[in-house]
Amino acid sequence: MAGLAPGKIIALHLNYPSRIAQRGRTPAQPSYFLKPGTSVAASGAPLEQPAGTELLAFEGEIAIVIGREARRVPPADGWSYVSHVTAANDFGLYDLRSADKGSNLRSKGGDGFTPLGPDLIPAAGLDPSALRVRTWVNGELVQDDTTAELVFPFGRLVADLSQLITLEPGDVILTGTPAGSSVVGPGDIVEVEVDAPTAPGAPSSGRLVTPIVQGTVAFGDFGATPAVDDLQRAEAWGSREAAGLAPRADILTEDLKARIGSVGTATLSAQLRKHGYNNVSIDGLQSTRPGTRLLGVARTLRFIPNREDLFESHGGGYNAQKRAFDTLGVDEVLVIEARGETGTGTVGDILALRAQVRGAAGIVTDGGVRDVVAVAALDIPTYYANAHPAVLGRRHVPWDTDLTIACGGAAVQVGDIIVGDADGLLVIPPGLVESVVDGAIEQERQETFIAEMVAAGESVDGLYPLAGEWKDRYAAWSPKK
């Protein structure tokens, strides 16, 4: 945009309730990252999607421009330091998020990754809670939200940042994006507009236009190279479904949950053996809620043995452990590979509470649990090897998520069905679940008949298991039940 060359571009992570609901985590306080001045681009300037990448995502936003020096200003006065608002697009390359470790420097700081404009709207006389931001992709409206219910009002952002950082005239604050952010690629055209539809004259920034073009230069091997996984795909596209990934818990229909819940793990285990599966129990664990049935779809987290340099690179910040708990969904069970190492904790009360709030079905770890009394007080069942007060870094490095792991002697894959009760924990491959459950229901029906006969004084010879004439007597009895 002509005449705007910000000394600082400060971007907010989360602000709109619609986006917060989508991401599943509500920030208690605002958090930020910096974008370099070289990321600024004007309306109409093409943006390259770097060669070898797949997850270039747009985020339509309202940019506020600082009009006078701000240092330690109170929240009530923060808006008065804003001279203009305009449209912004906070582009991000999710392929590089794993390399950034939360800084967003390369994933959001590339040349042209911050288009601004095209026009400035004077802030004087505007109601900051009555602005609107809209985004179109190839002419289709994909984002449409207002500032009426922001978690962090603009004046608060100015005040918060100015506590430590002097905000100077021309500095830009990107104020967050609403739901609807997704992935674009070469040939797409993204447009963002900010306006004040209820203000006199309904002032507008005009359409900020960004055509996406294909880059031809690949990343060199002298720096971190692009890497994506299903978590990054889901977050870039906005959901697993939008990314073309199957919803993890969809297999657990209400009918299937009721049918699984009607039979015990011992019966399910017997049916798995009939199908040739003898190594599908997670052994050696106890439950914080032994009277609560566990049923859910597996998500996985793997810890590797602690090594100081690896913990430094992977143990801090928004690491794999935190990401795993922060992305759990309804009816999902987080299964943790801790190698049977019981000399430290692998989950504590805060992360267990996060899993419960997310609607997860349970937690399973073959390692230790910290804060075990507090974890046991939660409704969510947690299966664990032992209690231990030590922190994660004593023995483990949180390494990666959503891959095949080993837990309690069993192989577990994402999407496996996890069932647990007082008899233990089972892993059921999803392709087997229908036949295993049908067989278990029939087995328990037979056992009910056998128990009735034994209670009536019959010998178990030929009755348990059913043989000969007892099969006929069972067939006559069964339809009545």
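Predicted model: local features only at pLDDT ≥ 70, side-chain atom pairs only at ≥ 80, totals over all residues.
Let me begin with the rings. When the whole structure is searched, five aromatic pairs turn up, and ring pairs join Phe449, Trp470, Tyr474 and Trp477 into a cluster. Rings also meet charges here: the charged end of Arg207 is placed over the ring of Trp136, at 3.4 Å from the ring's centre, while Arg68 lies over the face of Tyr81, with 3.8 Å to the centre of that ring.

Now to another arginine, Arg134, which belongs to strand 11, the run covering residues 132–137. Is Arg134 buried or exposed? Its relative accessibility is 17%, and because the cut-off for buried is under 20%, Arg134 counts as buried. If we set aside the neighbours within four places in sequence, the residues in contact with Arg134 are Leu141, Gln143, Asp144, Glu191, Val192, Glu193 and Asp195.

Three strands form an open sheet in the order 21-23-25, and their pairing is parallel. Strand 21, at 345–347, and strand 25, at 386–387, are the edges, and since each has a single partner strand, one side of each is left without a neighbour in the sheet. Looking at one of these pairings in detail, strand 21 and strand 23, the latter made of residues 368–369, run in the parallel sense and are paired over two bridges, with Val347 standing opposite Val369 of strand 23.

Conventions: Residues numbered from 1 in each chain as written. Heavy atoms only, no water. Phe/Tyr/Trp six-rings, centres within 6.5 Å; stacked < 30°, edge-to-face > 60°. Lys NZ or Arg CZ within 6 Å of the ring centre and 35° of its normal. Helix = DSSP H or I, 4+ residues; strand = E, 2+ residues; numbered from the N terminus. Buried < 20%, exposed > 50% of the residue type's maximum accessible area, 1.4 Å probe, protein only. Contact = heavy atoms within 4.5 Å. Pairing = 2+ DSSP bridges.
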